[in-house]
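This briefing is meant for a reader who is meeting the structure for the first time. Please keep the sequence and the model in view while reading the points below.

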Amino acid sequence: MAGSNPNAKPMNLTLKVWRQKNRNTNGQIVDYQVRDISPDMSFLEMLDVLNEDLLRKGDEPVAFDHDCREGICGSCNLFINGRAHGPEAGTTTCQLHMRKFSDGDTITIEPWRANAFPVNKDLSVDRSAFDRIIQAGGYVSVNTGGAPDGNEIPIPKEIADRAFEAATCIACGACVASCKNSSAMLFVSAKVSQLALLPQGNVERKTRVENMVAQMDKEGFGACSNIGSCAAECPVGISLENIAILNREFLSAKATSNNLA
Amino acid sequence: MFQDSKIPEGPLTEKWEKHKFNVKLVNPANKRKYDIIVVGTGLAGGAAAASLAELGYNVKAFTYHDSPRRAHSIAAQGGINAAKNYQNDGDSVFRLFYDTVKGGDYRAREANVYRLAQVSVNIIDQCVAQGVPFAREYGGLLANRSFGGAQVSRTFYARGQTGQQLLLGAYSALSRQIAYGKVKMYTRSEMLDLVIVDGKARGIITRNLITGEIEQHAAHAVVLATGGYGNVFYLSTNAKYCNATAAWRAHKKGAYFANPCFTQIHPTCIPVSGDYQSKLTLMSESLRNDGRVWVPKTVELAERLRKGEVKVTDIGEEDRDYFLERKYPAFGNLVPRDVASRNAKQMCDEGRGVGSSGLAVYLDFADIIKRTGAESVSQKYGNLFAMYDKITGEDPYKQPMRIYPAVHYTMGGLWVDYNLQTTVPGLYATGECNFSDHGANRLGASALMQGLADGYFVLPYTIGDQLAQTPPTPVTTQHPAFAEAEAQVRARIDKLMSINGTRTPDDFHKHLGHIMWEYCGMARSAEGLRHAKAEIQKLRREFWSDLKLAGTEGEMNQALEKAGRVADFLELGELMIDDAYNRNESCGGHFREEFQTPEGEALRDDENYAYVAAWQFNGEDQPEILNKEELTFENVKLTQRSYK
């Protein structure tokens, strides 16, 4: 095969996988063995191998979320050996490859753990809280049509680049899963920063941050204690600076607006 | 003409303006009396749902994802075309129209494509207003780059993540309407059938993917924005969940399926590494702006490379064949996708392929890195280079990428008229789900353009025409057609669950993919297609007698979801083969080995095949009926495409 590493030896691994029937039942760790895993496989392809084995035996495959397998859709969300998306920095679970593991390893695979992310089944969790936070204000209120010519809003390249960096958040939830308080501050701050940096976001700047923070609190995410594990584990490198921007935006909104009680 | 395609009369440049005036309007107070179902929340569906809700309609939007932000539009990398001519390099609406019709190898409708080029400029404005962080020049204005099949720079981009940023723009507009209560969002809900009442689309049947509940939903119109069917091939650059079920169910309820054999093979994907491979990853076409495609000049050298006897970085200029630059001096590495893909395959067929399987060619960045420095290259392509490194374990800053063509996009889809309405009244199809704008080959950076054009700027106008003629009386699920459709859905699920054979859905899917890639992929022949048809029929029988599932239907069951999708792929695959067999010409992504020029280029037959093949379902296991929509070209001259 055309793999980059033709001499790499296949691996045998022990998996300790969280199994839970649905959100109303208790779950438990179950052990599985997988054999002949190629180092060129992605982590999810390794799970595909496990699931095909289970299904052929008539057992239920392990449910997990995934889709694009290119690191951009934000669907995949596994807690691997105690770390969100596993051992490789700046990498989603789908982009993690088995060459990062060794023959004979035991790998523990759990779902995101946070009160605001209830488990659907096995490794799949409900992240709709993130959607509700965006619905609370993570947008510029423009209807389709009637927008001015794109070049009528010049934006310095440096500002556009910073806004872009914040906008690359994939809403996977690794920040929440990595935080000891299950805080969603990094996620919320990425959107707040993007729109606070851009002139388009200026009109609704104050109401946006207040409403999004209020929704974040309502969803049951914890407070931020500035440890920074969120940014350290973020697969797309959303910077901790965004949280500073969020705090500044929030305080200045609170100090000057009458938007919320 | 079998069906009125409703192309407005008059000169090309005035058709859309005139049509917008002529379509009937729903008065603002009445809009809230109409319910519209939108299935799929990618660029086309998300944009449509948001725009329709802004107009005042009640929208119910459905996605099988956990959030509307995850649709596969998000993975589009390179950019979005628009005829802004900001670069002063000779672009215009007409040139974008012309490039698209030519790039599509003259198998698209002129009127639709012209409209697409016209509204392309509005899309950029809309997205900028939403806060989409497009790339900018130092002066603060929007930046552009060039893309395959064009000689102007008209592609707007956000680093290598343009699809993500555009989708998040549409998602934000949609989120706003959800917050206002104008869109009711159903996540993790899969459409499993279309409900037709008195000949009109009036609702859908869905399955809740968490609880397994089957639900009925009614509306005055149904919009499908459910993407393409590239996953028929199992391995493609599509996301794993991408499927054709919604479109195929609609087809079986009367919507014609057009040009199913027009599938696009993208030239620059990371090659297959093993049997376990679950999907293929695209390396954006924008890389061909600066990367140079080559293989060793001789078979002997290629063999030594494959065995690891020589290193790629040790091969001198004199031993390299930059075959695209050599064969197509005018367009070089930026020839359209179909041409680039076929040439890569040709090199590998000659034995000059690289990588241990020999199924790859090089995409080399050494020149640009030398010229502008690694830092500047990283600014442009950093995320793509990092992705390549992660997947292959090789560093593209130090050695060329290995690439090979892979299934990427499907130009075919549900037949729609100028209003984007299918042959089922009240049923619309937008984005990749329909067939209308790309002919036999889609140009790079045009998928995002079409999805957003349909969703933001076309459907919101055209859907009113039909609604204005529909009484604003409430629609309910009381009609027996709903119960009937639900019973069919349940019966099918029961059947899948009760087979209890030995083979998994993925096993069947891989088998199907192998047949499709081998016989209906980059090169097709009458003999191969006949063979493939028999193979698929056999595989379909095996599927329905030997499928293995576990668990129950009343819970989250990903294997069951997959099985339903594979069952539909097994039927659609056969129709693709029928269509490829019927089309005795080569055009765009459809290459029939029997029909090529002496130089090996696609040989069209405009006299006999300048038509849209719209297939009509005619009952289970019955041959489908072929309807032809003749294509007339009044504004471009049909020529042999040349990129030399």
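Which strands of chain B does helix α17 of chain B lie across? This is a predicted model, and in it helix α17 (residues 558-582) of chain B lies across β10, β18 (611-616) and β19 of chain B, with a direction at about 145° to that of β18(B).

- The strands of chain B follow the order β16-β10-β18-β19 in an open sheet of four strands, and their pairing is antiparallel.
- At the edges of this sheet are β16 (413-414) and β19 (625-630) of chain B, each of which pairs on one side only.
- Two bridges link strand β10 (residues 257-258) of chain B with β16(B) in the antiparallel sense, and B:Ala258 has B:Gly413 in β16(B) as its bridge partner.

**The two domains of chain B**
- In chain B, the domain assignment gives domain 1 as 266-407 and domain 2 as 494-630, and the C-alpha centres of these two domains of chain B are 30 Å apart.
- Where the domains of chain B meet, six residues of domain 1 are in contact with five residues of domain 2.
- On the side of domain 1 of chain B that touches domain 2 of chain B, helix α10 (residues 337-349) of chain B supplies the largest share, five residues.
- By class, the residues on that side of domain 1 of chain B are one nonpolar, two polar and three charged.

**The sheet in chain A**
- Chain A has an open sheet of five strands in the order β2-β1-β5-β3-β4, with mixed pairing, and its edge strands, β2 (28-37) and β4 (83-84) of chain A, each pair on one side only.
- Strand β1 (residues 11-19) of chain A runs antiparallel to β2(A) and is joined to it by eight bridges, while A:Val17 stands opposite A:Val30 in β2(A).
- Helix α1 (residues 43-56) of chain A packs on this sheet, where it touches β1 and β2 of chain A and makes about 100° with the direction of β2(A).

**A helix pair between the chains**
- Helix α2 (residues 128-135) of chain A and helix α6 (residues 162-180) of chain B have axes that come within 8 Å and cross at roughly 85°, and α2(A) and α6(B) are therefore roughly perpendicular to each other.
- The contact is made by A:Asp131, A:Ile134 and A:Gln135 of α2(A) together with B:Ser172, B:Ser175, B:Ile178 and B:Ala179 of α6(B).
- Three nonpolar, three polar and one charged residues make up the contact of α2(A) with α6(B).

Technical notes
Residues numbered from 1 in each chain as written. Chains lettered and ligands numbered in written order. Predicted model: local features only at pLDDT ≥ 70, side-chain atom pairs only at ≥ 80, totals over all residues. Domains from an automatic or database assignment. Contact = placed C-beta atoms within 7 Å. Nonpolar A, V, L, I, M, F, W, Y, C, P; charged D, E, K, R; others polar. Pairing = 2+ DSSP bridges. Axes fitted to C-alpha atoms, helices over the stretch in contact; angles between N-to-C directions. Parallel < 35°, antiparallel > 145°, perpendicular 65-115°, else oblique.
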